Amino acid sequence: MFKEIINDEKIFTLLEETKNYSVSQIKSIINKALQKQGLSLKEVAALLNVQDKELVSDILSCAKKVKEEIYGKRIVIFAPMYVTNECVNDCLYCGFRCSNTELKRRTLSIDEIKEETTLLTKMGHKRILLVCGEHPKYANADFVAEAVRAVYSSKDAKNQIRRINVNVAPLTVEDFAKIKKEGIGTYQMFQETYHRETYEKMHPLGPKSSYETRITAFEKAFSAGIDDLGAGVLFGLFDYKYEVLAMISHCEYLEKTIGVGPHTISVPRIEPALNAPAAGKVPYPINDEEFAKLVSIIRLAVPYTGIILTTRETKELRAKLIHLGVSQVSAGSKTNPGGYEEAEHNMPDEQQFAVGDFRTLDEVVRDLSKAGFIPSFCTGCYRKGRTGIDFMAITKPGLIQQFCQPNALATFKEYLLDYASEETRKIGEALIKSELEKFAKIEDKENAKKMLDRTQKGERDIFC
Ligand code: SAM
Ligand code: SF4
């Protein structure tokens, strides 16, 4: 039955058949990718097999071009919020695994969730990803729904969280409907590995040991009304070529069956974690060059899908990958429940894994601005109902540009006025000025100018 979603024989055959493609065959695939219409599975397999340094560099350049044409210089910013590290699963790579007896378990109370929200809004965040372990008592759908409600209800004078995405274990349709009702944005869930045998080895205990439950979760979420779905692979568990090809097959399958592929794809790589054997000795380590290549290939295969890169990676690598395909990054993240509270709670023995980028949100915003990228806190599409199929229908013909750029600039301006350091504000204001000059259509420029003026005068949360 699941062969329809992931057909191992097909994936391995495609990887074998495309091993010896000629330079001209690869170049013609790269040329096709420039048209921003995506690639077939066979073409993706061929690119994954490329080893030649010059051709790899051509793939990277092509991804850079496609990324810039579709996303311009915008980078969406968010922060994770961990609400419980209780878990009944025993994933061999994760610090929250149930057999990790050294981990200090903590579940935030609703008041604590509100406090964490306040700390995030005080930094200037507008978008969060709510994360938790899987536990019938501490992390059930009612708790997640209540947590979402608590976050949305926490407002200070200047700010509030405007979009909550959620990364929780697969739920039943009924439970998905409960969290949808609270107004979640994307339902994010990583398959971890699409390779069944590896999957079973990595997930020996608990509900997560069912490959079936995981691979069918998006269809359940969709039938509960959640149409922004976020896929991902935990890179390092199995061969990356197989994983990328399998994930793209999964996207194709979703598009065929529910009419919409994932809204985002995440590309986490395994990071060190307390008492997690597969994080101590990564089964299929991926070096930075291979990682840059695979991110570029995903960009070319599914040009309109957002790619998310978190603070698992170092600031140097993040700076490189935002050129090649990444369109969303987290900033100032903590991976333990209550992590945004005082420093004494930021203990390695409460964390899921160790982060690789320790910059504050202000530093991330400044560095992005210096590199010419516009940090965007936009939540416009989801709040205007441009989600799922509707989102893709306006994105694919390039119609989203008229919304994204003004919304990005207005939310960036809000951040600069309300939260940025003096240094960041100066760099950011100069960037906004130069970006205003780049609008191709005069009416879009006028619209952006008006939104910026209103923001300058004190209005907040303006979006189109
Ligand atoms: N517990 C739920 C689940 O597993 O689906 C949801 C949240 S889990 C905390 C979020 C993700 O963290 C996992 O899907 C996994 O890919 C990732 N993760 C776990 N251990 C990791 C590690 N050592 N390094 C990097 N990412 C890790
Ligand atoms: Fe639990 Fe998720 Fe960590 Fe697995 S990855 S141990 S399910 S929190």
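Domain bounds here come from an automatic or database domain assignment.

**View 1. The two domains of the predicted model**. Domain 1 spans 76-357 and domain 2 spans 359-464. Their C-alpha centres are 25 Å apart. Across the boundary, 35 residues of domain 1 are in contact (heavy atoms within 4.5 Å) with 25 residues of domain 2.

**View 2. The surroundings of ligand 1**.

**View 3. Polar contacts of ligand 1** (pairs of N or O atoms within 3.5 Å). An oxygen atom of ligand 1 lies 2.7 Å from a polar side-chain atom of Lys-208. For Gln-352, a polar side-chain atom is 3.0 Å from an oxygen atom of the ligand. Glu-271 takes part through its backbone, with a polar atom 2.9 Å from a nitrogen atom of ligand 1. Alone, ligand 1 exposes 560 Å², of which the protein buries 97% (Shrake-Rupley method, 1.4 Å probe).

**View 4. Ligand 2 and the largest cavity**. Around ligand 2 are Cys-87, Asn-89, Cys-91, Tyr-93, Cys-94, Phe-96, Arg-97, Gly-133, Lys-208 and Gln-352. They divide into 5 nonpolar, 3 polar and 2 charged residues. Ligand 2 sits in the largest cavity, and ligand 1 also sits in the largest cavity. A cavity is a set of points, on a 1 Å grid over the protein atoms alone, where a 1.4 Å probe fits but cannot get out; a molecule sits in it if more than half of its atoms lie within 2 Å of its grid points.

**Notes.** Residues are numbered from 1 along each chain as its sequence is written, with chains lettered from A and ligands numbered from 1 in the order in which they are written. In this predicted model local features need pLDDT of at least 70, side-chain atom pairs count only at pLDDT 80 or more, and totals for chains, interfaces and linings use all residues, while side-chain values use heavy atoms, leaving out hydrogens and water.

Terms used: Near = heavy atom within 4 Å. Polar contact = N/O pair within 3.5 Å; in protein donor to acceptor, adjacent residues only side chain to side chain. 1 Å grid on protein atoms, 1.4 Å probe; cavity = no way out; pocket = protein on both sides within 12 Å on 5 of 7 lines; lining within 4 Å. Nonpolar A, V, L, I, M, F, W, Y, C, P; charged D, E, K, R; others polar.
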